[in-house]
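Colleague: Please take me through the terms used for this model. I would like each label set against its cut-off.

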Amino acid sequence: MLRNYLTIAWRNLIKNKVLSLINIGGLAVGMAVVMLISLWILDEVSFNKYHGNYRSIAQVIQNDINNGEVKTSFFVPYPLAAELRKNYGSDFKSVVMSTAPRDYILASGDKKMNEQGSFMEAGGPALFTLNMLEGRGDAIKDPSSILISAATAKAFFGNEDPMGKVLKLKLRWDGLDNLKIAGVYADLPGNTTLAGMAFIGSWGHYEPGLSGMREPWGPGNVNLYVQLADNADLEKVSLKIKDEKLRHLKPLSAKTKPALFLQPMSKWHLYSEFKDGKNIGGEIQYVWLFGIVGVFVLLLACINFMNLSTARSEKRAREVGIRKAIGSSRSQLVYQFYGESLLCVLLAFLVSLLLLQLSLPAFNQIAGKQISIPWNSPAFWFAAIGFSFITAIITGSYPAFYLSSFTPVKVMKGAFRVGRLASAPRKVLVVLQFTVSIVLIIGTTVVIRQILFAKDRPVGYSQDRLVAIPVRTFELHQHFDAIKQALASNGTITEMAEADAPPNKVPGTTSGVGWPGEDPNLGAGFGQEDISYDYGKTIGWKFSAGRDFSRSFLSDSAAVIINQAAADFMAMKKPTENYITFFGKKIRIIGVTKDIINRSPYEQVQPMVYFLAKWAGGSLLLKINPKMSAGKAISNITSVLKTENPQQPFEYHFVDQEYAKEFDNEERIGKLATAFASLAIFITCLGLFGMALFMAEQRVKEIGVRKVLGASVFALWQLLSKDFAILVFISIIIASPVAYYLMHNWLNKYQYHTDVAWWIFIITAIMTMLITLLTVSFQSIKAALANPIKSLKTE
């Protein structure tokens, strides 16, 4: 019997080639989208599960009142670790301090590389259950030891055994430190927080740099990780440690009212965003978004199958009547139609695997992932086959029960006709298809509009030909004048300066700023940056009041420049006639700059204070001469720095390119949304084309009669297109408020955002209607132009 079902199903596929191709093609695209999104979701939800202690690891985080708002920081003061061990030992198996991963210079012989790494307490490798290929994780108890990844070992030593060899590391200004390799750990996968960690240094080697801090309990400077005890409850432990920092603060700093809490590792990636001290989600919103999109794209393909199957009901009615008349039960007919559905879906599944393999590289590039198809995984094949059967059940259910319900007596007498009500479910499904597609189109348009809106926001300085070079050696500071002279004399640069960070970054924050009339309960937090002379000329900032630092005024070393956001926050009407206090010391304000976007372009500008410093922090800024090509300028800079600063491997960034990375996440969402919206429209149009083809065939005699009676081609086109146009219009009415609600809520998560403009709905409506009419018109005009003699010769 099963063989008979499959044989009939295959014959029906061959008999209706065009409709079969539409069904299989639409289902294949829909299934490929679902599998693609499922692989991405699996990668997201399995983030950090590489670590064996995944369920018991948490990070200590703090909330502070900053400028009247509750801000969340992932950095805490380093003395906190000792206090947690001392006062809450029963709640934790392990407490580990770590620096935030960043780039350091590593060297061995003539090889020098900038590699990402971190310094960690000895319990860190065990806490994160690193797979030690050689040595022991706790070997970093020795301050002169270091652990390296397998990739780092390969890069420096090839196939040689790295154990016991010396690796030089640049941590502080005074030269390279010799560290002995005490262990090699397996490379960490891409879906972990520690991905790309090339080395782990000893905390004992890093800790001396923390001594002498003005306020050890002040702003956070380390990451703090804990492993909860077996019987510990995360929420209860969070409440216990809440005020541990507050009770150690001086009155001036206590105004920020810091509150500690624990965030479990399971939420580090998907729930990383906070607002007003409360978690508001993060990447999880995109997991839900694209999961829903994938389901709807597949649903569109399933609707095509249902519509085209039921639309052919009159043609298959006699087949059903004969089968019932010779003894077939309804259940057997249901199985037959399910068999046809299953065959279609299995063929679509094979095509979808091909589409998945072809599209995965492009998807990985857009999504920033390294996802691969797990061909050797039984779980993958079990899930894929199960998914195919579920799809077959969904697509085949309505046609199977609808077609098997026909009464054989009416069918055999020729009295069976499909009435108006029979097409109602198909119309509802078409409306649903277009509603989903229109929502996706409007959503994609709003995402792109938001990106363009933020990109058009004035940055407050000149990014053109501005190069930032990280400062990792003291020699770069010492040879600043020689480097500037060499590059200026050969026409490579017009200006050069030093700063703690490039202008698009906030290097650090401070709670030590005060001013006349300050509200003591406000908890003010300012961005703080040390800069050199000519910083303003190099980046091209503008002043709304006062002046820049100048060598003509020796007193500028004891002055400060603030930005407009700081002046507004402190409500100073004449800032240059006023002063601030910095940890109690009075400092005169000499200038107010126009606001510079120094963090996310979607957020408000951080209030900033700029201090003049002889050797300012970690970034060298150069303005390339517009008369010289960028390639030639970089070549000249490389040559000079190799001479003046041979210890540091040359690396550079164009500031405008670094700033552009701030849009990466939204642009990624926009590209994916565009792709999925396009696929949704494609699948919907496939179904529409099939429906138009069938309706033209069904009404061929009616069209012939109308032509004989004098109907024009335009009148016939109107007749065949009108029903579809009405359905699209209904979809527009339904989709518009849904899309507005969803996108209005999405935009509100950004402090700096565009609006959901009315013209987006008008353009989307016109575009959708045009696509519909173009899709339907091919068949409508073809039917209208057909010779009526051919359709009426049998009458």
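**A helix pair and a pocket**

Modeller: In this predicted model, the axes of helix α16 (residues 480-489) and helix α19 (residues 630-644) come within 10 Å and cross at roughly 150°.

Colleague: Why is α16 called roughly antiparallel to α19?

Modeller: The label applies to angles over 145 degrees. The crossing is at roughly 150°, which makes α16 roughly antiparallel to α19. The crossing of the two helices is right-handed.

Colleague: Which residues of α16 and α19 meet?

Modeller: Contact requires heavy atoms within 4.5 Å. From α16, Ala 482, Ile 483, Ala 486 and Leu 487 take part, and they meet Asn 636, Ile 637, Val 640, Leu 641 and Glu 644 of α19.

Colleague: How do the residues of this contact divide by class?

Modeller: There are 7 nonpolar, 1 polar and 1 charged.

Colleague: Now the second largest pocket. How much space lies in it, and which residues are closest to its centre?

Modeller: The space in the second largest pocket is about 860 Å³. It is lined by 31 residues, and Gln 285, Leu 289, Leu 742, Met 743 and Trp 746 are the closest to the centre.

Colleague: What makes a residue part of a pocket lining?

Modeller: A lining residue has an atom within 4 Å of a pocket point. Two or more such residues come from each of β14 (278-281), α9 (284-311), α14 (424-455), α21 (664-698) and α23 (713-747). The largest share, 9 residues, is from α9.

Colleague: What is the make-up of that lining by class?

Modeller: The lining of the second largest pocket has 22 nonpolar, 7 polar and 2 charged residues.

Notes: Residues numbered from 1 in each chain as written. Predicted model: local features only at pLDDT ≥ 70, side-chain atom pairs only at ≥ 80, totals over all residues. Heavy atoms only, no water. 1 Å grid on protein atoms, 1.4 Å probe; cavity = no way out; pocket = protein on both sides within 12 Å on 5 of 7 lines; lining within 4 Å. Points joined across faces, edges and corners; volume = space filled by probe spheres on them. Helix = DSSP H or I, 4+ residues; strand = E, 2+ residues; numbered from the N terminus. Nonpolar A, V, L, I, M, F, W, Y, C, P; charged D, E, K, R; others polar. Axes fitted to C-alpha atoms, helices over the stretch in contact; angles between N-to-C directions. Parallel < 35°, antiparallel > 145°, perpendicular 65-115°, else oblique. Left-handed = near helix turned anticlockwise from the far one by under 90°.
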